[in-house]
Protein chains: 2
Amino acid sequence: MDFSILKELLDKHDLIRLTNILKTMRAADIAEFLEELDHKTALLVFRLLPKDLAVNVFSHLSSQRQSEFSMLVDEEELASIVEELYFDDRIDYIEEMPANVVKKILKNSSETERRLINQFLNYPEDSAGSLMTIEFVDLKKHMKVRDALKRIREIGQDKETIYTCYVIDEERRLEGIVSLRDLVLADPDAIIEDIMETQIIYVSTYDDQEYIADVFKKYGFLALPVVDQERRLVGIITVDDIVDVIELENTEDFHKMAAIQPLRESYLDTSVFKLASKRMLWLMVLMISATISGGIIKKYESALEAVVALTVFIPMLMDTGGNAGSQSSTLIIRSIALGELTFKDTFKVIWKEFRVSLVVGLPLAIVNFLRVYFLEGYGLALSLTVSATLLVTVIFAKIVGGLLPMIAQKLNIDPAIMASPLITTIVDAISLVFYFTFATWIMGL
Amino acid sequence: MDFSILKELLDKHDLIRLTNILKTMRAADIAEFLEELDHKTALLVFRLLPKDLAVNVFSHLSSQRQSEFSMLVDEEELASIVEELYFDDRIDYIEEMPANVVKKILKNSSETERRLINQFLNYPEDSAGSLMTIEFVDLKKHMKVRDALKRIREIGQDKETIYTCYVIDEERRLEGIVSLRDLVLADPDAIIEDIMETQIIYVSTYDDQEYIADVFKKYGFLALPVVDQERRLVGIITVDDIVDVIELENTEDFHKMAAIQPLRESYLDTSVFKLASKRMLWLMVLMISATISGGIIKKYESALEAVVALTVFIPMLMDTGGNAGSQSSTLIIRSIALGELTFKDTFKVIWKEFRVSLVVGLPLAIVNFLRVYFLEGYGLALSLTVSATLLVTVIFAKIVGGLLPMIAQKLNIDPAIMASPLITTIVDAISLVFYFTFATWIMGL
């Protein structure tokens, strides 16, 4: 978005016109604007906003900016903002704040609220409990539709969603779900019990967010109830939060597949040491594993001494094998993540990868032979050795690339681990074994 | 989900109990069950379902299963299902069907409908036009809230969503948006014009779905209006379709980053030749590029002849360089995709990657030195050469891995291209240059 007009008004200190424009803007856009200013100017602009809008903008700010604001304002001002946040936004915010800010907030909360906040902070980071909000509409099954709508009118203003309402009994156990759509379309005299959905899909407070995202994707819900171990309704999760979860889970997979331990914060907000620590482990493991390839070369040093030209083709063989394997493993890992492949498809995958490897491997081997033999003028035996190794490496790489993620899934290891870096290391070692074996046979070394 | 009870009833031909259970199930679950059966049994079970549920189940089936059903049933039965599908589901379905099925469907459609279908089929695959549905609630600004709710009750049953309603003028131009929430919470005598939102966020029929997903993510909408060039409202996009778009766009990025041309169909549904064709181009390009590394080795053949042991460390150097570069490029590509980094951050990225590369490169180089010199007993000069190359390669790899995606973005090339395979090829060549240069200096070759 272009904020040049706003910045101009700010430079001219024309705060009245600035405020008038801000009032017509959406909270997400204002937050974007505030992120572009230095934090003191941002707070000045933030204070121009009417209360409701200010709270909404606050919930859209990055945690870094939220934290800067929280340090600058006094307890009272902070409390007035925090109180108005939806409960799930409040928890997200408190989780990210430094200890002194959290203290400030808890000091200004009631005893009940403090207990509730602590309970929510205790849910594991990726669980339904940490995603849910407590602001939902609850109804009783004996209500008439007319009365339910009246109740929604009375309490709906402060609820995160009124589109899905939850029917609970005296013990707060979930008995049914009724959508505002059904309420609006139903006869006002109908009884909730007769129109509510009783085949309820729900999740538990400790369910993982990845599973929850899958439920949303499968059923296309707008909201999902969260129950505790006694099946008492404790909160709901809305679809807008799930969109973020899906992106977060995908980011984790991207990171894992590039041998990085998953990183939550944005790149620029993460310190150099944290960035380094997330990459160190795998680099070290893979570096040490790669010495196996070195060991294989060492074993065939005499062959290399006889024909130094063999070395020339090692990078090409390693790279092509690695790429062929990564293509397969990426396709399979992604298909597993999307729920398209399960362990029972393993044989189908291998058979398919085998055929694909022939279809791509043969042209690659032929082009390579033509180039090495005719263009570069190497001998027939060496050209054949290189091309045969290439073909066999591609076949092997694609089968391993397809197989390892399937096995990982079966063993409850995250298939994303079996991505490019690990496959490349394995394929590299094996391609060298093929290479020297073929060299020994064909070139008689 | 576990369908063993259903399968048992099916084996016992107890279709009455089977039907009773199916009636209590959700459409998405029934579709999952039908996918597990052979297509004739699946059709038999499908025909047991009450009409409304059957249509809903049909929209959840894979396009392969939809296509099988469409071939088996007669024109009349097919028409009765297709007519009841929401318009966006109908278009998705028609797009995937073979020509003879499409003919069957169009033959049974009215002239107006045929024209509408053809118009929708003409929108580009990834555009707002191909995502939208035409089943929305439209209101006029002079209506009272009471009358608007009455209208929703009358026409709402067939609309994909009634939670967001669209206020249009006589020329169908979009004037405002009002949510069912606002309608329910407002005074029944209020005028729509006074409660509607006029700062409307909308998209155009030809906008790309990736942009549309970003709009949903930013504002947390449940639905978004789509207008034509005259700002006339032509359709709406609902959030459940956006969840699919986000996964699709992520899948495309995963594929591109593994040097695969993006694949839309599921892995098992894609033919061997199509799978091969999506992988061939990049494998060939990268194989030919890798010969640069071969050329560098060839240039230094005399050095290798003098110290064959140099070859032993080539795989480790290449792999570690490739991994270090992939880590950086993946982090940066993902951050760009999430809108966290833009070109103006380029210098910050390079400076950060440089520092990270020192923090990870030094321990790697030290561990490597200890291993090569003390454990494997190579000479000091060779051990130093290998470790110095490792450090410089990691630094270079991380800077290139950070820089190339930023440049790609600036040049409007998809940054995902600058992922592991390309970075690895570049880093491999350069690491060999470092290696032989250091070998010449340190070992005096």
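This is a predicted model: local features need pLDDT of at least 70, side-chain atom pairs count only at pLDDT 80 or more; totals for chains, interfaces and linings use all residues.
**A walk through the helices, cores and loops**

The crossing of H21(B) and H22(B) is right-handed. Helix H21 of chain B covers residues 346-375, while helix H22 of chain B covers residues 380-410. Their axes lie 8 Å apart, and the packing angle is about 155°. Since angles over 145 degrees count as roughly antiparallel, H21(B) is therefore roughly antiparallel to H22(B).

Let us step back to chain A and its domains. The domain assignment divides chain A into domain 1 (4-125), domain 2 (137-238) and domain 3 (290-443). Between the C-alpha centres of domain 1 of chain A and domain 3 of chain A there are 53 Å.

What holds the centre of the largest nonpolar core, in terms of contacts with other members? This core has 122 residues, and those touching the most other members are A:Ile333, A:Val394 and A:Ile423, together with B:Ile333, B:Val394 and B:Ile423. Take A:Ile423 as your guide: leaving out residues up to four places away in sequence, A:Ile423 touches A:Gly325, A:Ser326 and A:Ser329, and also A:Val400, A:Gly401, A:Leu404 and A:Met418. Another core, of 76 residues, lies apart from the largest one, and its members include A:Ala223, B:Ala148, B:Leu174 and B:Met196.

Now for the loops, where the backbone has something to show. Most residues other than glycine have a negative phi. Against that background, look at A:His13, whose phi is positive, near 55°. You will find A:His13 in the loop between helix H1 (4-11) and helix H2 (15-24) of chain A. A:His13 counts as exposed because it has 8 C-beta neighbours inside 10 Å.

A second case is A:Asn412, with a positive phi near 60°. A:Asn412 sits in the loop between helix H23 (380-410) and helix H24 (420-443) of chain A. Is A:Asn412 buried or exposed? With 6 C-beta neighbours inside 10 Å, A:Asn412 counts as exposed.

Along the chain, A:Arg26 and A:Val57 are 31 residues apart, yet 8.3 Å separates their C-alpha atoms.

Methods. Residues are numbered from 1 along each chain as its sequence is written. Chains are lettered from A and ligands numbered from 1 in the order in which they are written. Domain bounds come from an automatic or database domain assignment. A nonpolar core is a set of buried Ala, Val, Leu, Ile, Met, Phe, Trp, Tyr and Cys residues joined through C-beta atoms within 7 Å. A residue is buried if 20 or more other C-beta atoms lie within 10 Å of its own, exposed if 12 or fewer, and partly exposed in between; C-beta atoms are placed from the backbone. Two residues are in contact if their C-beta atoms, placed from the backbone, lie within 7 Å. Axes are lines fitted to C-alpha atoms, for helices over the stretch in contact, and angles run from 0 to 180 degrees between N-to-C directions. Helices (H or I, at least four residues) and strands (E, at least two) are DSSP runs, numbered from the N terminus. Angles under 35 degrees count as roughly parallel, over 145 as roughly antiparallel, 65 to 115 as roughly perpendicular and the rest as oblique. A crossing is left-handed if the near helix is turned anticlockwise from the far one by less than a right angle, and right-handed if clockwise.
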